[in-house]
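Here are my notes for your read-through. Please keep the structure open as you go.

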Amino acid sequence: MKCDFDKVHSRKNTYSTKWDCMKDIFGRDDLIPMWIADMDFPVAEPIRKAIKNRADYPFYGYSRIKNSLMDVIISRVLNKFQWKIEKEWIVFTPGVISGVNIAIRTVTSPGDGIIIQQPVYHLFFPSIINSNCKIVNNPLKLDNGKYEMDFKNLSQLTEENERYNSKAILLCSPHNPIGRVWKREELLELGKIAIENNLFVISDEIHSEIIYKGYKHHPFASLSKEFEDNSITCISPSKTFNLAGLNVSSMIIPNKKIREKFKHTMAGIVSQPNIFALESFEAGFKDGDPWLNYLLEYLEENLDFMINYFKDIKGIEPIRAEGTYLIWLDCRKLNLNQADLKDFMINDAKVGLEDGTIFGDDGEGFMRMNIALPRPLLEEALKRIKISVNLL
Ligand SMILES: Cc1ncc(COP(=O)(O)O)c(C=O)c1O
């Protein structure tokens with residue numbers, strides 16, 4: 001399938017956070033925006049068609065989930081990840097982060113600890129804090145340009161659990177912002193520590209379908225019945241098919257007791273999903289694969305292009321992502337403090353990147369770059385960075 005992803009579309013004045021909030025976030029709006037995680041590519045034709053068809057039928061009352069959507073989710077999870085899930089396990093939320101918040105409140109009490117592995121997706125922090133829980137950090141280790149989980153430290157944290165009172169691990173799999181697709185053995189090790197220490201696992205797998213060649217995503221819960229019973233898995237079409245503005249995700253909760261508690265926690269706060277979101281969810285999961293295959297090729301070419309380009313830019317080393325379209329840039333050799341690094345990217349290079357420190361203190365000296373944009377724009381952004389670095 002051929003889509004014209006090289007074409008640059010303006011998304012200004014379209015209720016777009018990425019484009020319309022640039023001035024508020026960066027203080028100017030002439031940047032190439034490469035920050036928040038959505039893509040500057042038009043969505044797949046079957047999704048547009050499904051939304052248009054539904055819009056043409058002018059009854060937009062309260063929604064109800066159709067069996068056809070449940071069937072599509074069940075067969076996609078089975079075909080892509082060899083995980084057999086059941087209809088009753090699926091609970092819809094407006095987003096993964098709302099699901100994560102509800103999950104935390106379901107499995108913890110105020111004052112409990114939640115283990116995360118920084119640098120990690122920044123909205124994990126308020127999800128924990130606003131649930132009156134404590135952040136317990138098990139920092140990832142960076143060895144030879146590759147991030148690994150620190151199992152030794154994780155075991156120590158759990159041994160000292162009287163101090164931390166941790167009740168859950170909030171796993172990011174694949175991991176934003178460092179782009180790891182966790183191997184089966186790594187997840188098995190994490191799951192073993194979780195079971196031994198009565199830690200529930202909330203697994204955010206929103207990026208599970210943006211995986212580069214040679215890597216495979218394993219849903220944490222698919223690895224054993226024990227893990228399945230001890231976890232909530234968050235999935236969504238929003239990253240895969242670029243539907244973040246439609247607000248729909250699903251939580252897979254095999255454990256009946258936890259599922260009932262989760263539903264009770266969200267009752268009266270979370271309403272039924274939006275009908276256009278449901279149409280797009282079903283259309284994407286059912287008919288979106290030709291578009292997705294093309295997207296994955298295009299993203300991987302962007303990734304190669306970017307990695308090659310940075311070979312000529314002294315002081316910035318991108319960490320090659322195994323999945324996600326979010327690239328972690330090691331800028332420590334530019335020898336700028338974080339405020340100057342941010343200022344440099346905004347006011348010299350004129351690119352809108354995410355500040356590495358929003359993902360935790362270990363993000364000092366790093367920036368995160370979203371490469372899901374037309375290649376001509378990516379090239380222009382890289383050119384701007386190169387010229388500005390040469391002037392430093
Ligand atoms: C790891 C991760 N989880 C959750 C989200 C947000 O999901 P949602 O918009 O469905 O709340 C993002 C968005 O970038 C993400 O990277």
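Which of the 13 residues around the ligand come nearest?

1. Ligand shell. This is a predicted model. Ala37, Gly95, Val96, Ile97 and Tyr121 come nearest to the ligand, out of 13 residues around it. By class, the shell holds 7 nonpolar, 5 polar and 1 charged residues.

2. The sheet. Seven strands form an open sheet with mixed pairing. Read across, their order is S2-S10-S9-S8-S7-S3-S4. Strand S2 (90–93) and strand S4 (134–137) are the edge strands, and each pairs on one side only. On average, neighbouring strands of this sheet are turned by 25 degrees against each other, direction ignored.

3. Strand S8 (residues 200–204) and strand S9 (residues 231–235) run parallel. They are joined by 4 bridges. Look at Val201: its bridge partner in S9 is Ser231.

4. A helix on the sheet. Helix H5 (residues 96–107) packs on the sheet. H5 touches S2, strand S3 (113–116), strand S7 (166–172), S8, S9 and strand S10 (249–252). The direction of H5 makes about 175 degrees with that of S8.

5. A helix pair. Helix H14 (residues 338–349) and helix H15 (residues 375–390) have axes that come within 10 Å. The axes cross at roughly 110 degrees, so H14 and H15 are roughly perpendicular to each other.

6. Their contact. H14 brings Phe344, Asp348 and Ala349. These meet Arg384, Ile385 and Ser388 in H15. The residues of this contact divide into 3 nonpolar, 1 polar and 2 charged.

Methods
Residues numbered from 1 in each chain as written. Predicted model: local features only at pLDDT ≥ 70, side-chain atom pairs only at ≥ 80, totals over all residues. Pairing = 2+ DSSP bridges. Helix = DSSP H or I, 4+ residues; strand = E, 2+ residues; numbered from the N terminus. Axes fitted to C-alpha atoms, helices over the stretch in contact; angles between N-to-C directions. Contact = placed C-beta atoms within 7 Å. Near = placed C-beta within 6 Å. Nonpolar A, V, L, I, M, F, W, Y, C, P; charged D, E, K, R; others polar. Parallel < 35°, antiparallel > 145°, perpendicular 65-115°, else oblique.
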